[in-house]
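Subject: Structure handover

Hello,

Here is the structure for your files. My notes on it follow below.

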Amino acid sequence: MTTEPIHIARTTIAIRPDQSRVLIRPFNPGDKQRTHGIVMRILSLPEDQVAVLLDEVLARFSTRHQNIGDFFLDRFEHIRNLLSLDGNWSQPRKLLIGSYFVSEFSLESAALFNPSIVPHPDQTGVPANGLRFVLSLRATGEGHLSSITFRTGMIHPDGRIEIMTAAGCLSEPRQIPNRLYERTLFERKLHELGVSSDFTRRALNRLGDTFNLEELRSRVDEELRSPTAPDVEQGNRNAAELIWRLADSNYQVQFRPDQDLSERIIFPASPSQRNGIEDARFVCFQKDDGTSVYYATFTAYDGRVVMPELMETSDFLQFRFITLNGPAAQNKGMALFPRKVNGLYAMLSRLDNENLYLVLSDNVHFWYEPKLILAPAFPWEMVQIGNCGSPIETDAGWLVLSHGVGPMRQYSIGAFLLDKDDPAKVIGRLRNPLLQPTEHERSGYVPNVVYTCGALVHRGQLILPYAYADHATGFATVALDEVLGAMQ
């Protein structure tokens, strides 16, 4: 046992928010009446003026967004359907109308922080003893709205860390139509939400073992049309709304393969994410057959309720979003182990906002019976503790980076060790923080905070990306043996 300070080294890397990185988003100016008025004013313009105005818009914005004309046309079609408009208009006029119903959102205008790091799925061309990685970041913009953005980087054979320059044009993925749902899983999730009733059972019993969104809508609409008493009818409509909410919260999206990873933005898309996607904890998960998949637990926020959710990808092109259910799927900071332990999925959780729990499950979607494993003990963590990403498997046990909140609400990063075969057993713990804010890291969006959503070990070094002051992101490295040797 050693009481010597750990020699953690900060690098010169600083990933700061860039206000020029903007995403094109739908703009809704108000109700249908106001929207109709805007369209009518554009329709009153002479054709030669339409062409001039469109050229000005394209000259100003087309270099900032790929395929901007396609977006304008999509918005035009949306507005035409919304207002039930009839007319045979020129392509420039359609594009111009669409341009009035989009706007730019500065993705990182406030902060770029809370990083998570995993090995890149493509290691082609990487030199021996090097590693290409994917870095996910929480980007926060206007209105404190958070989304997920990515960077790629390299750990070179000599240990040097390099972050690749981010591309300039950002875009969201397209939602994959006709997504399939498993009836058994859907029923189980409705039961967890307290929505099970004769109405839901009748609707779902008319579906096959798998079904798509249109089939679900058709069966639910049929049940809603069945004659019932007024109070029963209202209850059925409430249940139908929750069915749609659940269906909309489980979806898949696809990016274009020609897009650089740094151009791909995971923006809030479901009702549960309306006010932000926060603090994704990515992990490269080894499946029973030896193949790998990337999971990320994240916090979805709808403006009132905080909910942990899960996303899944194998290539960072196609993402599947999945709701998490069960009494242990609460609050922030759930982090999945990188493989099953004794045949079960394992998750760290902080469901009471103060202590750390272990949860085991036979299904990655459902989490029950949390077991308390760690509580605040030292002055730097007496307000609360939580995990800082998924556990890292080492020969000595499961290394978990933690965060602790102390006086003046200062966040520090610590670490503890879990038994490899029985992760409910804490076998080591740092008495002092591994990382605390330095003087130049104290000031920012939220002062006196260092935080991470995931690290990795490469050739005996713990590679630790971390956010400071909830504003920007840096990197630190430390010998794994030194961290393990300091455990008490």
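Leaving aside its neighbours within four places in sequence, which residues is threonine 35 in contact with? They are Pro29, Gly30, Ile79, Leu83 and Phe101, where contact means heavy atoms within 4.5 Å.

Before the rest, the conventions. The model is predicted, so local features need pLDDT of at least 70 and side-chain atom pairs count only at pLDDT 80 or more, while totals for chains, interfaces and linings use all residues. Residues are numbered from 1 along each chain as its sequence is written, and side-chain values use heavy atoms, with hydrogens and water left out.

Threonine 35 sits in helix 1, residues 32-43. Helices (H or I, at least four residues) and strands (E, at least two) are DSSP runs, numbered from the N terminus. Threonine 35 counts as buried because its relative accessibility is 3%; buried means under 20% relative accessible area, exposed over 50%, and partly exposed in between, with a 1.4 Å probe and protein chains only. Proline 327 is 292 residues away from threonine 35 in sequence, and their C-alpha atoms are 44 Å apart in space.

Not counting residues up to four places away in sequence, threonine 473 touches Ile13, Ala14, Ile15, Leu112, Phe113, Asn114, Pro115, Leu137, Tyr466, Ala467 and Tyr468. Threonine 452 lies 21 residues from threonine 473 in sequence and 9.1 Å from it in space, C-alpha to C-alpha.

Overall figures

The protein has nine helices and 28 strands. Of its 488 residues, 52% count as buried. Its radius of gyration is 25 Å, which agrees with the value near 23 Å that a compact globule of 488 residues would have; the radius is taken over C-alpha atoms, and the globule rule is 2.2 Å times the number of residues to the power 0.38. Along the principal axes, the C-alpha atoms fill a box of roughly 80 × 60 × 45 Å. Among contacts between residues at least 6 apart in sequence, 62% join residues at least 24 apart.

The accessible surface comes to about 21900 Å², and carbon and sulfur atoms account for 48% of it; areas come from the Shrake-Rupley method with a 1.4 Å probe, and for residues only the protein chains shown count as cover. There are 49 positive and 58 negative side chains, with the centres of the two sets 2 Å apart.

Helix 6

Which residues of helix 6 (residues 198-205) are buried? They are Phe199, Thr200, Ala203 and Leu204. These four lie on the same side of helix 6 because they cover an arc of only 120° around the axis, the arc being that of the directions from the helix axis to the C-beta atoms. The face turned away from this buried side carries the exposed residues Asp198 and Asn205. The cover over the buried residues of helix 6 includes helix 5 (183-192), strand 10 (210-212), helix 7 (213-224) and helix 8 (230-249).

Positive phi

Methionine 408 is not a glycine, yet it has a positive phi of about 60°. Methionine 408 is in the loop between strand 22 (397-405) and strand 23 (411-418), and counts as exposed because its relative accessibility is 75%. Asparagine 448, also not a glycine, has a positive phi of about 65°. Asparagine 448 is in the loop between strand 24 (426-429) and strand 25 (450-451); its relative accessibility is 13%, so asparagine 448 counts as buried.

Regards

Terms used: Lys and Arg count as positive and Asp and Glu as negative; His and the chain ends are not counted. The place of a charge is taken as NZ of Lys, CZ of Arg, CG of Asp or CD of Glu.
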